[in-house]
Amino acid sequence: KVLCDESNRQNIISIADIFRAKIVDVSIESLVIELVGSQSKLEAFLRMLKDVEILELARAGVMGLERGSHGVKFL
């Protein structure tokens, strides 16, 4: 989640597009961006956002999900 306003929102979205990141939430003062890739890709993305205030950051290691609904537990 990054802090943004009208003056830098389009610039942040353009950087996200270059890295094929997904904008998953937009508000007046922030953007939530989802990026999947190698560690070097993630670090390059963060370097491009060096002038942007990062409000929250979550990184997860290697994950795998089974395809389809087999093995899914519905509550």
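This is a predicted model: local features need pLDDT of at least 70, side-chain atom pairs count only at pLDDT 80 or more; totals for chains, interfaces and linings use all residues.
**Entry 1: ground rules**

I number residues from 1 along each chain as its sequence is written, and my side-chain values use heavy atoms, with hydrogens and water left out.

**Entry 2: overall layout**

I looked up the secondary structure and found two helices and three strands. I took both from DSSP runs numbered from the N terminus: H or I of at least four residues for helices, E of at least two for strands. Along the sequence the pattern reads β-α-β-β-α.

I then checked burial. Buried means under 20% relative accessible area, exposed over 50%, and partly exposed in between, with a 1.4 Å probe and protein chains only. Of the 75 residues, 23% count as buried. The accessible surface of the protein is about 6200 Å², computed by the Shrake-Rupley method with a 1.4 Å probe, where for residues only the protein chains shown count as cover. Carbon and sulfur atoms hold 54% of that surface.

For contacts (heavy atoms within 4.5 Å), I looked at pairs with a separation of 6 or more: residues 24 or more positions apart account for 45% of them.

**Entry 3: the sheet**

In what order do the three strands lie in the sheet? I read β1-β3-β2, in an open sheet with antiparallel pairing. Two strands pair if DSSP finds at least two bridges between them. The edge strands are β1 (2–3) and β2 (22–26), each pairing on one side only.

Between β1 and β3 I find two bridges; Leu3 has Ser30 as its bridge partner in β3. Between β2 and β3 there are four bridges, also in the antiparallel sense, and Asp25 has Val32 as its partner in β3. A hairpin of three residues connects β2 to β3.

I also looked at what lies over the strands. Helix α1 lies across β1, β2 and β3, and runs at about 0 degrees to β3. The axes are lines fitted to C-alpha atoms, for helices over the stretch in contact, and angles run from 0 to 180 degrees between N-to-C directions.

**Entry 4: helix α2**

Which residues of α2 (residues 39–48) are buried? I list Leu42, Ala44 and Phe45. They fall on the same side of α2 because they cover an arc of only 160 degrees around the axis, taken from the directions from the helix axis to the C-beta atoms. On the other side, Gln39, Ser40 and Arg47 are exposed. The buried residues of α2 pack against α1 (9–18) and β3 (30–34).

**Entry 5: salt bridges**

I searched for a side-chain nitrogen of Lys or Arg within 4 Å of a carboxyl oxygen of Asp or Glu. The count is two salt bridges.

Lys1 pairs with Glu56, with the closest N and O atoms 3.2 Å apart. Lys1 lies in the segment before β1 and Glu56 in the segment after α2, so this pair ties together parts 55 residues apart in sequence. Lys1 is partly exposed at 35% relative accessible area, and Glu56 is partly exposed at 49%.

Glu34 pairs with Lys22, with the closest N and O atoms 3.6 Å apart. Glu34 sits in strand β3 and Lys22 in strand β2, twelve residues apart. Glu34 is partly exposed, with a relative accessible area of 38%.
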